[in-house]
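Work through the exercises below with the sequence and the 3D view at hand, and try each task before reading its solution.

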Amino acid sequence: MELNDSVSAVKGIGDKTEKNLNKLGIYTVSNLLEHYPRGYDVYEGIVPINSVREGEIAAIEAALTKSVQTKKVRNLTIVNCSVKDRSGGMNLTWFNMPFLKNSLKMGTYYIFRGRVVRKNGILVIEQPKILTKEEFYNRRDVLQPLYPLTAGITNNMILKAVKQVLSQIDLTADYLPKQIRKKYNLITYNQSIREIHFPKDKEHMSEARKRIVFDEFFLLTVALNKLKKSKGKEESKYIIKNTIECDELIQGLPYDLTSAQKRVWQEIKNDLSGGVTMNRLIQGDVGSGKTIIAALALLLAAKNGFQGSFMVPTEVLAKQHYESLQELYAPYGIRVSLLVGSMTAREKRDVYHMIKSHETDVIVGTHALIQEKVEYDNLALVITDEQHRFGVKQREALSNKGIQPHVLVMSATPIPRTLAIILYGDLDISVIDELPANRLSIKNCVVNSGYRPVAYRFIEKEILSGRQAYVICPMVEESEVIEAENVIEYTDKLKEALSDTIQVEYLHGKMKAREKNEIMERFKKNEIQILVSTTVIEVGVNVPNATVIMIENAERFGLAGLHQLRGRVGRGKYQSYCILVTGSESKEIRERLDILNKSNDGFFIASEDLRLRGPGDMFGVRQSGIIEFKIGDIYTDAAILKNANEAAKTISETEILNMCEKYPDIGEKIMNYSGSTLL
């Protein structure tokens, strides 16, 4: 079996399974082997019932005290039973497993293992596995891989397929030079792939993970180094000088720019008028005022007779920026257009014509801005917002729409400067490191799931005062694999718990763009008071009237992601609140969440998270909203990133070419990193 063989070459994978695997990005044998576990299930000892804790996975040995009960709720069959051991009793619940009514016998002791949750004030084990003693003790202290899944694909399917491939494939060839492996104490590629899927123990898993993370960072930095060498400082065709309109706009703002905003604005003006093409990154915390700096730069380009484009990652955000820029530029005669994927073919054609004939000065949009049909006239300035969502190729494609235009990229994701220099070495870095003086600090609290009724009453009170709220859940629909709150069921739950006068709706990434836009429009108009959402609202949505954000299963998010989400409130003149709900009683998780509880400073939060989370923490929570590696995390793996960057600098152009020639899949990965690395 070869790495580039279709995944259908694996025994047992038919057309239907292949299509479902494709949804996970698995098309080839190589994709399957690189579909790494998201974590591992470790069977620990059996515990007495009176010692189980909410949020933990526990194994108990107990007997039924009552006969099994079943009930139907919509299309769901719910199975309930009560069990006890010498220390006490508790309830167990299963979904869609009606056969258990006949297979579980009164008085017989079974081993039940599953996650402990709190339902109606009491502890329940949901969807526990039922094991014999032999099965349980065979699994003791063995790391069982848990894979990311989709509908139609079970963990066991992937596990069996990976086992089969590993028994039939030769992975002994290793692209990484021996001297690099030796210097950084790395195991071979062959060992890493086998041990990441089926590790002998945590130490072997950690060594496998270290090698795979190194590879991800090494190939990324090789791609970035090539990009940096090809760029350098270029003479600019566009000399953009300061105009009176920009000064008037600043004077007319209902607030004063902070000293950090003024400093960054001066740096940008110097770049635009200096005769060399600008390549600058603005790093600024959530709410620090990056967007007004972008608006000033676009106004400056337009008043110098050029076009400017503003690319953002979502249609909701594009529409928001389009409307605010139209209003902001109204006194200055600047024409603004919107270009997004959900527009009709006719609407797009009209905008294409306006862009080409320079009947519009500023174009705001999503990836639609870089489509082949879009032809600009004198595009002098390209801005990408929330730039970590765009690939290098996408950023480059937008730049290539003009003749070496000035480039400004913006990020609200706080990255320690040492790492930023590695990741953004081709850009000059500006930091907006203070918040506007008129911003009220968000009040935070970390609570367990038993606090929900109190939180609901608090949210209801805010809504009766005319405000609005977000509730964030980590999932779209209920999963048999992950126990977490999901937006669809949660919306129903909220509707039942709150007054009929309160409009509750949900929003998630699987919805069509038009549906998402419609929901956000209604939320902005306060036609919807509570928006239950996945992290799709993380990126830049601006509803100043929203004053509460309640984040369920907060332990499942990285701190950077939680901080981004929290930034959706506190954007107006009202006091705002962030409620972090966790089902875990883990001391480590509480300590992490407490960082967010005590600080609203994104850069401090990032550095504290880095301090608390150990390198190679496979079992930790991934960061959200920063470069999406398969396993690597620039925060927890900062030391590996630095080593990989150092190693990449020792590889010559000739060695890279030879490497790509000998190992075509490695050449493809370097190209893919250049194209899909989220920078």
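The model is predicted.

**Exercise 1.** Find where Asn-185 lies, and decide whether Asn-185 is buried or exposed.

*Solution.* Begin with the chain: Asn-185 belongs to the loop between helix H6 (178–183) and helix H7 (189–197). Next, take its relative accessibility of 53%, and because exposed means over 50%, Asn-185 counts as exposed. Finally, look at the backbone, where Asn-185 has a positive phi of about 55° although it is not a glycine. Most residues other than glycine have a negative phi.

**Exercise 2.** Classify the ring pair of Tyr-175 and Phe-218.

*Solution.* A pair of aromatic rings is described by the distance of the centres and the angle of the planes. The centres of Tyr-175 and Phe-218 are 6.3 Å apart and their planes stand at 45°, so this pair is tilted. Then locate the partners: Tyr-175 is in the loop between helix H5 (155–168) and H6, whereas Phe-218 is in helix H8 (residues 202–231), and the two are 43 residues apart.

**Exercise 3.** Determine which ring lies under the charged end of Arg-113, and which under that of Lys-163.

*Solution.* For Arg-113, the charged end sits over the ring of Tyr-43, 3.7 Å from its centre. For Lys-163, the charged end sits over the ring of Phe-198, 5.5 Å from its centre.

Conventions. Residues numbered from 1 in each chain as written. Predicted model: local features only at pLDDT ≥ 70, side-chain atom pairs only at ≥ 80, totals over all residues. Heavy atoms only, no water. Helix = DSSP H or I, 4+ residues; strand = E, 2+ residues; numbered from the N terminus. Buried < 20%, exposed > 50% of the residue type's maximum accessible area, 1.4 Å probe, protein only. Phe/Tyr/Trp six-rings, centres within 6.5 Å; stacked < 30°, edge-to-face > 60°. Lys NZ or Arg CZ within 6 Å of the ring centre and 35° of its normal.
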